[in-house]
Amino acid sequence: MVNINSYTGLPYNFRTRNCWHHVRAVRAEAGLETPEFNVISPRGINQAFDDGHAATKGLVQVFTPQNFDAVLMGCRTGGRIVWHAGVYYNGLVSHCAMYARQVRLEPLIDLKQTYSEIEFWR
């Protein structure tokens, strides 16, 4: 059984634990496969999320989340959407918070104040 709290506080580092690394690790522990996106910069990960909407690599968008669904969170900046990702769990999202330099577990309702686009993928 996955303890979502065990990830909270882990250090954020783009090369070793960025938001998609985190999603893949949590979902793997829950026995779920998650596609890999090879990126080397934050700009590249955003492009991977944009590209992933067209080629989902097996993920399916859903509108009602279940535990361990991937959550894509988008913020409109300069005419484009800047994407971030986390994992849904009982109304919370576990994600790498760059501002805190660590993994945080935050209520989805609070994240909706920052991110105008919220998508769930299974």
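Q: What counts as a helix or a strand here?
A: Helices (H or I, at least four residues) and strands (E, at least two) are DSSP runs, numbered from the N terminus. This is a predicted model, in which local features need pLDDT of at least 70, side-chain atom pairs count only at pLDDT 80 or more, and totals for chains, interfaces and linings use all residues. Residues are numbered from 1 along each chain as its sequence is written, and side-chain values use heavy atoms, with hydrogens and water left out.

Q: Where is T34 found?
A: T34 is found in the loop between α1 (19-29) and α2 (42-52).

Q: Is T34 buried or exposed?
A: T34 is buried, at a relative accessible area of 9%; buried means under 20%, exposed over 50% and partly exposed in between (1.4 Å probe, protein chains only).

Q: Which residues is T34 in contact with, neighbours within four places aside?
A: They are W20, V23, R24 and R27, where contact means heavy atoms within 4.5 Å.

Q: Which side chain makes a polar contact with the side chain of T34?
A: That of R27, at 2.6 Å. A polar contact is a pair of N or O atoms within 3.5 Å; within protein, one must be able to donate a hydrogen and the other to accept it, and residues adjacent in sequence count only if both atoms are side-chain atoms.

Q: Changing topic, how many aromatic pairs does the structure hold?
A: The structure holds 2. Rings of Phe, Tyr and Trp (its six-membered ring) pair if their centres lie within 6.5 Å; planes under 30 degrees apart count as stacked, over 60 as edge-to-face and the rest as tilted. F68 and Y89 form a tilted pair, 5.3 Å centre to centre with 55 degrees between the planes.

Q: And what about Y88 and F120?
A: Their ring centres are 6.0 Å apart and their planes at 80 degrees, so the pair is edge-to-face. Both Y88 and F120 are buried.
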